[in-house]
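Please look at both before reading on.

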Amino acid sequence: MDSNSRLHIADLVAGYGHNVVLRGVSLQVNQGEIVALLGANGSGKSTVLNTISGFLKPTQGTVHLDQQSITGIPPHKTFRAGVVQVSQARDLFSDLTVEENLKLGSIIKGDEALGLRQVFDYFPRLSDRYDQQVSTMSGGEQQMVAVGRALMSQPRMLLLDEPSGGLSPLFVKEIGEITARMKADGVTMLLVEQNLRLALEISDRYLILRDGKVIDGGSTDNLEGSHDDIVRTIYL
Amino acid sequence: MIEQIQSVLTNWDAMLPVLPQLVVSGIAIGMLYALIALSMTILYRATTVVNFGHGDLVMLGAYTLFILLPMVTFNITLESSALSSLVSFVPPYLVALILSLCVLFAMGYIIHRVFIWPILKGPHLSLALMAIAIGYAVRGVIRKEYGKEILQMPRPFPEQEFEVFNWGGIGTYMTLDEIIFCTVVIVMLLISYIVFYKTRFGQIVQAMFQTQRGASLVGINVMHHNNLIWGVGCSLGALGGVMIGLTLVLDPDVGTWTLLRGFAAMTLGGFGSLYGAVIGGLIIGILEKVLGVFVSTAFIEITCYLVIVLVLLIRPRGLFGQHATLRI
């Protein structure tokens with residue numbers, strides 16, 4: 001584990017009951033880096049994020065954040081350590097307003113005023129919808145609230161699970177641009193994404209997961225035109 | 001039944017003067033139902049579990065006070081005059097009451113942590129059966145100790161009656177019990193309102209009610225807060241139990257009576273709505289009294305069942321239950 005490492009995972013084994021999903025996953029995300037975790041459905045991508053967040057206890061392996069072990073600690077402690085997840089289902093407080101959702105993002109940790117300034121800077125649209133009930137918003141806007149809520153606590157490590165899932169191409173483009181801005185501002189991210197073009201566009205490195213193991217990976221630099229090889233590695 | 005309703009309509013003028021008394025008595029008993037419904041709603045808001053064993057925990061609250069009272073009233077001689085009785089008996093009573101609420105808080109906390117939390121993600125049927133089983137276990141322990149004996153709860157204050165207003169020469173009265181109970185319940189409602197709508201704790205509960213996973217994602221220790229809320233809910237229920245013990249009698253089976261009224265108030269007010277639970281309790285209390293006198297005494301027992309059936313048929317989300325609005 002080098003000193004530049006923000007998140008370091010070694011030999012992670014985890015699953016649901018007797019169903020082992022992760023079979024020795026190892027990866028590292030360095031400070032300020034975006035790493036895309038790619039893989040077919042069922043390869044264990046979301047399970048990796050849920051194990052890091054503490055929703056699943058690993059039966060083996062370690063998870064370190066800035067050289068501190070966060071292996072197997074419950075989600076609220078992982079959050080306090082600085083790891084914040086935006087889940088695929090978003091898990092927003094749908095009957096509450098945008099304001100209430102965002103403020104709840106910093107209820108345990110974080111500077112509320114600073115968080116709101118940052119979120120409105122990334123998502124100006126949310127400041128216009130401040131009093132709107134989240135359940136009445138479109139999928140793309142809800143995704144903005146979910147990412148905004150995660151940013152409210154000024155996380156050290158952001159886990160994004162399918163941020164473009166179910167969104168229109170316009171919103172996918174917008175989410176991509178905002179993620180790139182967040183990276184420029186130094187937010188470290190581990191990204192699970194099915195949209196290969198988006199994932200490779202915004203991330204520094206990629207890792208391919210198959211049957212609960214990292215089977216390939218590399219830098220996303222100079223990948224233009226070679227996506228077919230990655231698709232083959234993922235699915236074949 | 002139709003004849004009885006016709007009789008009400010024809011004798012309306014004769015019955016009208018007693019209506020204020022019935023409404024006042026209905027509000028007084030309705031306040032108790034409101035407190036029970038409120039305590040059940042608090043549990044529901046935390047874990048979306050309808051605690052079908054709640055009535056027995058309410059009953060346990062009353063019995064705990066009954067058990068603790070002799071332990072804290074040692075060496076105090078009750079005087080004959082009402083005032084000296086009040087002065088000498090109320091402080092130990094308060095101590096016993098506070099201890100009972102603490103015991104029930106601990107019970108609620110432990111019940112959630114040990115029996116509910118491990119199966120919280122399971123099917124609702126399992127949770128309902130677990131709650132019923134806990135309730136029956138509590139009832140069984142009390143029955144084992146006290147049999148089916150009906151006990152009288154010692155009184156902390158004398159039985160007195162006050163005229164609250166007079167309408168055309170016919171007075172409307174409230175007992176001291178009713179006045180104190182109504183005051184206590186109103187204070188509890190105000191505290192609950194402040195805690196659940198104006199504090200950080202209330203925001204956390206609101207978040208957990210929406211989605212427990214979402215609450216975890218913003219760093220809330222869901223299990224700990226659920227434990228606390230179960231403790232608070234059981235304490236509030238115990239307070240209701242003490243009042244029921246004073247109003248009625250101490251009986252191990254009073255839990256079913258309590259649960260039905262609390263559940264009916266919750267159903268009428270709308271699951272998860274704090275003020276709905278209170279208004280539901282008040283409406284049921286008034287309906288019981290008014291229908292019980294004007295139509296048939298049978299309505300005192302069946303009103304809560306009728307309310308549950310009618311609300312579920314006509315407006316399943318109750319008066320103030322939340323309605324999801326989705327944009328497609």
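The secondary structure of chain A consists of nine helices and ten strands; helices (H or I, at least four residues) and strands (E, at least two) are DSSP runs, numbered from the N terminus. The radius of gyration of chain A, taken over C-alpha atoms, is 17 Å, close to the 18 Å of the globule rule for 236 residues, so chain A is as compact as a globular protein of that length. That rule is 2.2 Å times the number of residues to the power 0.38. The C-alpha trace of chain A spans about 45 × 40 × 35 Å along its principal axes.

The model is a predicted one, in which local features need pLDDT of at least 70, side-chain atom pairs count only at pLDDT 80 or more, and totals for chains, interfaces and linings use all residues. Residues are numbered from 1 along each chain as its sequence is written, while chains are lettered from A and ligands numbered from 1 in the order in which they are written.

Chain B has 13 helices and two strands. The table sets out burial for both chains. A residue is buried if 20 or more other C-beta atoms lie within 10 Å of its own, exposed if 12 or fewer, and partly exposed in between, with C-beta atoms placed from the backbone.

| Chain | Residues | Share counted as buried |
|---|---|---|
| chain A | 236 residues | 46% |
| chain B | 328 residues | 45% |

Two residues are in contact if their C-beta atoms, placed from the backbone, lie within 7 Å. Among contacts in chain A between residues at least 6 apart in sequence, 67% join residues at least 24 apart. In chain B, residues 24 or more positions apart make up 76% of the contacts with a separation of 6 or more.

Strand E9 (residues 205-210) of chain A pairs with two other strands. Strands pair if DSSP finds at least two bridges between them. Strand E3 (residues 34-38) of chain A runs parallel to E9(A) and is joined to it by four bridges; here A:Val35 stands opposite A:Arg205. Strand E10 (residues 213-219) of chain A runs antiparallel to E9(A), with six bridges, and A:Val214 in E10(A) is the bridge partner of A:Leu209. The hairpin of E9(A) and E10(A) has two residues between the strands, and A:Asp211 takes a positive phi near 50° there.

A:Gln67 lies in the loop between strand E4 (60-65) and strand E5 (68-69) of chain A. Is A:Gln67 buried or exposed? A:Gln67 is exposed, because 11 other C-beta atoms lie within 10 Å. The C-alpha atoms of A:Gln67 and A:Arg6 are separated by 7.6 Å, although the two are 61 residues apart along the chain.

The contact between the chains takes 24 residues from chain A and 19 residues from chain B. On the side of chain A, helix H2 (75-81) and helix H3 (98-105) are the elements that give two or more residues. H2(A) provides the largest share, four residues.

In helix H8 (residues 200-210) of chain B, the buried residues include B:Ile204, B:Val205 and B:Phe209. H3 of chain A is among the elements that cover the buried residues of H8(B), as are helix H7 (176-198) and helix H10 (222-247) of chain B.
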